Amino acid sequence: MKRNIKILRKSLAVFGLLTLSALILSGCGKKKEAAEKPEIQSRKEVQTTTIPDTASEEQSSVIPEETVAPEPTTEPETTTGSVAESDRFQVNQEYLSQFSNEGTNWGQGTTFDEYNRPVYAITAQERNGEYGAYFIMPQENKLYITMDCGSSSTYMTQILDTLKEKQVKITFFVTMPFVENNPDIILRMVQEGHTIGNHSVTHPAAGMFSLSIDEQINEVKTVHDCLLQKYGYEMDLFRYPQGTYSTQSLALMQQMGYRSVFWSFAYKDYDENDQPEPGYALQKLKDRVHPGAIYLLHVDSKTNADILGEFIDAVRGMGYELGTIR
């Protein structure tokens, strides 16, 4: 009997040890599983804070400038009047204030060098060329015809027909009234490859320099924007009304991306009621031919319209090429 009790106690002890081991093993398994869950959760949390597009957008806003992707190339071109184009007229007035605004009335004078070039034009070019101004072109056998367009277009068809026949491209300087009243003429100028320059809105009689800087900008910008928006044509040449300018106004035009075009020959052709005799006018134009000449003619002159073809032939006969200021 005692022996049986000993055996039973021994069996119970073994059973207890086995049960305790199972409980210990089971508890370790739960602890291990619990320990793994936070690790998995932490990975999920990292993923949800870095994958969404919003996180990428936030990151792109702090990337150094040199690593930012280039701007899209699908923005409107300047021919539609983009913001970039309008920035052209944001000038530095503090910079401009250092220049003299004393007015100068331009005229080529009556003194000429051995090549028949006006001496005043040569010295004016040397003095003002740094501001993008042209009083005379480089000394080579080229002559540049430029024509100012005020308001009348009576002879424009005749002039354009002659230029087309002679295969010559010239530079026209247009005012706002001319642009508004002659859309077909402007379109033909563009289509036939002529250069179109800016001649202001109101053609101020006292000269551009008599206006404030903001007023001068408006005189240029209004014509500029009109040609750009209606014809897709971007101007960069300016002719001063009356030929009156100041150093400050030259610097202003340069800041707006414009070059100022004057002349090395002009004559009294602008009075429609007092036109020079064609033979006299043609001889005068021929006598003053010189290397790099910039000729100023007016489109409202019947005489100019009548002699233009003969003058072109004469210039070519003298060994000159007809150039275009671009």
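Gln-167 sits in the loop between helix 6 and strand 4. The model is predicted. Its protein has 12 helices and 11 strands. Of the 326 residues, 42% count as buried. Among contacts between residues at least 6 apart in sequence, 75% join residues at least 24 apart.

- Most residues other than glycine have a negative phi.
- Gln-167 counts as exposed, because its relative accessibility is 67% and the cut-off for exposed is over 50%.

- Helix 6 spans residues 156-166, and its buried residues are Met-156, Ile-159, Leu-160, Thr-162, Leu-163 and Lys-166.
- Seen down the helix axis, these buried residues fall within an arc of 160°, so they line one face of helix 6.
- An α-helix has 3.6 residues a turn, so residues three or four places apart point the same way.
- Lys-164 and Glu-165 are exposed on the other side of helix 6.
- The cover over the buried residues of helix 6 includes two strands, strand 3 (142-149) and strand 4 (171-174).
- That cover also includes helix 7 (176-181), helix 8 (183-191) and helix 12 (302-317).

**Helix 6 against helix 8**

- The axes of helix 6 and helix 8 come within 11 Å and cross at roughly 10°.
- The two helices are therefore roughly parallel to each other, as angles under 35 degrees count as roughly parallel.
- Helix 6 makes this contact through Met-156, Thr-157, Leu-160, Asp-161 and Lys-164.
- Helix 8 contributes Ile-185, Arg-188 and Met-189.
- By class, the contact of helix 6 with helix 8 has four nonpolar residues, one polar and three charged.
- Met-156 and Leu-160 are both buried residues of helix 6 and both take part in the contact with helix 8.
- Lys-164 also takes part in that contact, yet Lys-164 is exposed.

**Helix 9 against helix 10**

- The axes of helix 9 and helix 10 (residues 247-255) come within 11 Å and cross at roughly 50°.
- Helix 9 and helix 10 are therefore oblique to each other.
- The crossing of helix 9 past helix 10 is right-handed.
- From helix 9, the contact uses Ile-213, Gln-216, Ile-217 and Val-220.
- From helix 10, the contact uses Gln-248, Ser-249, Leu-252 and Met-253.
- This contact of helix 9 with helix 10 holds five nonpolar residues, three polar and no charged ones.

**Ile-213 in helix 9**

- Ile-213 belongs to helix 9 (residues 213-231).
- What makes Ile-213 count as buried? Its relative accessible area is 13%, and the cut-off for buried is under 20%.
- Leaving out residues up to four places away in sequence, Ile-213 touches Val-91, Gln-93, Leu-96, Gln-248 and Leu-252.
- Ile-213 and Ser-249 are 36 residues apart in sequence and 8.1 Å apart in space, C-alpha to C-alpha.

**Helix 10 and what follows**

- Buried residues in helix 10 are Gln-248, Ser-249, Leu-250, Ala-251, Leu-252 and Met-253.
- Among them, Gln-248, Ser-249, Leu-252 and Met-253 take part in the contact with helix 9.
- Gly-257 follows helix 10 and has a positive phi, near 80°.

- Ser-100 is located in the loop between helix 4 (93-96) and strand 1 (104-105).
- Ser-100 is partly exposed, with a relative accessible area of 39%.
- Which residues does Ser-100 contact, leaving aside its neighbours within four places in sequence? They are Ser-246, Thr-247 and Gln-248.
- Ser-100 and Gln-248 are 148 residues apart along the chain, and their C-alpha atoms are separated by 5.5 Å.
- Gln-248 is also in contact with Ile-213.

- Gln-242 has a positive phi of about 65° although it is not a glycine.
- Gln-242 lies in the loop between strand 6 (237-238) and strand 7 (244-245).
- At 45% relative accessibility, Gln-242 counts as partly exposed.

Conventions. Residues are numbered from 1 along each chain as its sequence is written. This is a predicted model: local features need pLDDT of at least 70, side-chain atom pairs count only at pLDDT 80 or more; totals for chains, interfaces and linings use all residues. Side-chain values use heavy atoms; hydrogens and water are left out. Helices (H or I, at least four residues) and strands (E, at least two) are DSSP runs, numbered from the N terminus. Buried means under 20% relative accessible area, exposed over 50%, partly exposed in between (1.4 Å probe, protein chains only). Contact means heavy atoms within 4.5 Å. Axes are lines fitted to C-alpha atoms, for helices over the stretch in contact, and angles run from 0 to 180 degrees between N-to-C directions. Angles under 35 degrees count as roughly parallel, over 145 as roughly antiparallel, 65 to 115 as roughly perpendicular and the rest as oblique. A crossing is left-handed if the near helix is turned anticlockwise from the far one by less than a right angle, and right-handed if clockwise. Ala, Val, Leu, Ile, Met, Phe, Trp, Tyr, Cys and Pro count as nonpolar, Asp, Glu, Lys and Arg as charged, and the others, Gly among them, as polar. The arc is that of the directions from the helix axis to the C-beta atoms.
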